[in-house]
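Here is my note on the model you sent. Please read it with the structure open.

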Amino acid sequence: MLFRRLWYLLLLLVFYVFINIHFSTRNLNPDQNSISESRFYTNSSYEPKQYNEQFDNDDVVFLIITGKPNQDDRIPLQQQTWMRYTTQTYIFSETASGRLPLIVLPNITDSYASNGPKFWDALQWAWERFQNRAKWFAKVDDDTFVNVHEIYKLLKQKDARKFTVYGRCGEHFLPETHVSQETLPKNWTFVDGGAGTFISSYAMSLLNLHGFLNKSKVLQRHGSTLFGFQDASFGEIIAEIARRETLRYNRTFTSPFICEDRRLQHQCDPKHPEAKFCLRQRCTTLHRCRKDLMLFWHRHFSMRRLGT
């Protein structure tokens, strides 16, 4: 009788040890489906799982494009107003100035069409210096007013690790000879450069990866005529990269453009029907702000921040 009881106890002990070993092994080795899902998600930086990174003013690099005809008049107005609230702002021109801290770009004329080459040179310059530090790269014109505090608040909520270009969007039709029929349809969305173009660090890394932070390659691909439409050619390149990345990760095409047409205004005169919106709401940028208009919006948004 005693022997039988000892035998039952021994069987129970063996069963107990077996159960513990079995479940411990399962916890240490998840099933293959779980491994596959985890690897697919973490390897794809195209769509990060969550965004918890800290943000400060140094995370935004502002790139201002100007030129000899306007730089001595317009840049000082930006310095007196919105540039005072930025920590990383760089001004690009083809002509040096004894009054202004400019980055002079060689082999560029001072015509309006040279804004395209300046734009690509500025992007390449900024990426080489800030690729491991900045989260956002903001291109603006020399007559653009930037509501810096609102831009910081907005970009703080965006994930710079996503393929994103933020700005005022529109549709543009290029002549058929300038459009590659294999890559894009005839009409597509792009970000209007005048109202400001805000490019995530991940988008910049993809521009570099696909060889588009090289002005010579862009010129070879699109031809000199497209440099006169710098925002349109940039939009085509961004859309093409998005399509390439879609094929790379085998995903449905998603536009990288985040369009917000009301808070980024192409007009500056407060009497204009579109710009009137900014008298009531906290706009982020206004384009074509010259002379007194730059000072007007600086005072307006300063008083709004103070609650007066």
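1. Where does T86 lie? T86 sits in the loop between α3 (71–80) and β2 (89–93). Helices (H or I, at least four residues) and strands (E, at least two) are DSSP runs, numbered from the N terminus.

2. A word on the basis. This is a predicted model, in which local features need pLDDT of at least 70, side-chain atom pairs count only at pLDDT 80 or more, and totals for chains, interfaces and linings use all residues. Residues are numbered from 1 along each chain as its sequence is written, and side-chain values use heavy atoms, with hydrogens and water left out.

3. The overall picture. The protein has ten helices and twelve strands. Of its 308 residues, 47% count as buried. Buried means under 20% relative accessible area, exposed means over 50%, and partly exposed is in between (1.4 Å probe, protein chains only). Take the contacts with a separation of 6 or more: residues 24 or more positions apart account for 72% of them. Contact here means heavy atoms within 4.5 Å.

4. Back to T86. Is T86 buried or exposed? T86 counts as buried, at 14% relative accessibility. Its side chain reaches the backbone oxygen of M83 at 2.9 Å. The T86 side chain also makes a polar contact with the side chain of T89 (2.5 Å). A polar contact is a pair of N or O atoms within 3.5 Å; within protein, one must be able to donate a hydrogen and the other to accept it, and residues adjacent in sequence count only if both atoms are side-chain atoms. Leaving aside residues up to four places away in sequence, T86 touches F62, V148 and Y152.

5. Four of the five residues of β2 are buried, so β2 is largely enclosed by the rest of the structure. Strand β1 (residues 60–65) pairs with β2 in the parallel sense, over four bridges. Two strands pair if DSSP finds at least two bridges between them. In this pairing, I64 stands opposite I91 in β2.

6. A second sheet to check. Three strands form an open sheet in the order β5-β12-β11, with mixed pairing. β5 (145–146) and β11 (264–265) stand at the edges, each with a single partner strand, so one side of each has no neighbour in the sheet. β5 and strand β12 (residues 285–286) run antiparallel and are joined by two bridges. The bridge partner of V146 in β12 is T285.

7. Now E150. This residue lies in helix α5 (residues 148–156). E150 is buried, with a relative accessible area of 8%. Which side chain does the side chain of E150 meet in a polar contact? That of R263, at 3.1 Å. Not counting residues up to four places away in sequence, E150 touches R263, R282, C283 and T284. E150 and C283 are 133 residues apart in sequence, yet 7.4 Å apart in space, C-alpha to C-alpha.

8. Last, a helix pair. Helix α6 (residues 201–209) and helix α8 (residues 230–249) pack at about 85°, with axes 11 Å apart. Axes are lines fitted to C-alpha atoms, for helices over the stretch in contact, and angles run from 0 to 180 degrees between N-to-C directions. α6 and α8 are therefore roughly perpendicular (angles of 65 to 115 degrees). From α6, Y202, L206, L207 and L209 meet residues of α8 including F234, I237 and I241.

Conventions: Angles under 35 degrees count as roughly parallel, over 145 as roughly antiparallel, 65 to 115 as roughly perpendicular and the rest as oblique.
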